[in-house]
Amino acid sequence: QVQLVESGGGLVQAGGSLRLSCVASGRIFVINGMGWYRQAPGKQRELVATIASGGSANYADSVKGRFTISRDNAENTVYLAMKGLTPDDTAVYYCEADHRNRLGIVSDYWGQGTQVTVSS
């Protein structure tokens with residue numbers, strides 16, 4: 001089992017910045033892609049950004065130029081630096097990791113989520 005724990009959410013004014021962190025722990029063999037998703041009230045969960053183990057990143061159009069995803073493979077940690085936040089960014093942000101075990105089986109793990117609230 002792999003556990004993911006997010007931190008760094010909170011309340012911020014429009015135009016402000018936050019940095020989310022997500023640490024993976026447990027019986028880790030290889031973590032491939034990691035990512036951040038978010039879910040606003042009444043909406044479906046959506047992709048924010050993903051990052052491969054080699055560092056290549058992918059972003060949702062709505063956050064390009066404002067959010068930066070990064071990771072520390074040695075620490076099994078993924079970050080999301082957010083700037084220029086708007087009320088539309090208000091959501092619960094979830095960390096996700098693709099883990100491959102010793103048998104080659106790939107499983108998807110999710111954190112419990114961290115709330116980001118942007119006031120106007």
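Predicted model: local features only at pLDDT ≥ 70, side-chain atom pairs only at ≥ 80, totals over all residues.
Let me begin with the salt bridge in which the side chains of R66 and D89 meet, 2.8 Å from N to O, where a salt bridge is taken as a side-chain nitrogen of Lys or Arg within 4 Å of a carboxyl oxygen of Asp or Glu. R66 sits in the loop between β6 (57-59) and β7, and D89 in the loop between β8 and β9, so the pair ties together parts that are 23 residues apart in sequence; helices (H or I, at least four residues) and strands (E, at least two) are DSSP runs, numbered from the N terminus. Through shared partners, salt bridges join R38, E46, R66 and D89 into one network.

Residues are numbered from 1 along each chain as its sequence is written, and side-chain values use heavy atoms, with hydrogens and water left out.

D89 also forms a salt bridge with R38, with the closest N and O atoms 2.9 Å apart. Both D89 and R38 are buried, which means under 20% relative accessible area, with exposed over 50% and partly exposed in between (1.4 Å probe, protein chains only). By contrast, D61 and K64, whose side chains meet in a salt bridge at 3.1 Å, N to O, are exposed.

Turning to the strands, an open sheet of 4 strands has the order β1-β3-β8-β7 with antiparallel pairing, two strands being paired if DSSP finds at least two bridges between them. β1 (2-7) and β7 (67-72) stand at the edges, each with a single partner strand, so one side of each is left without a neighbour in the sheet.
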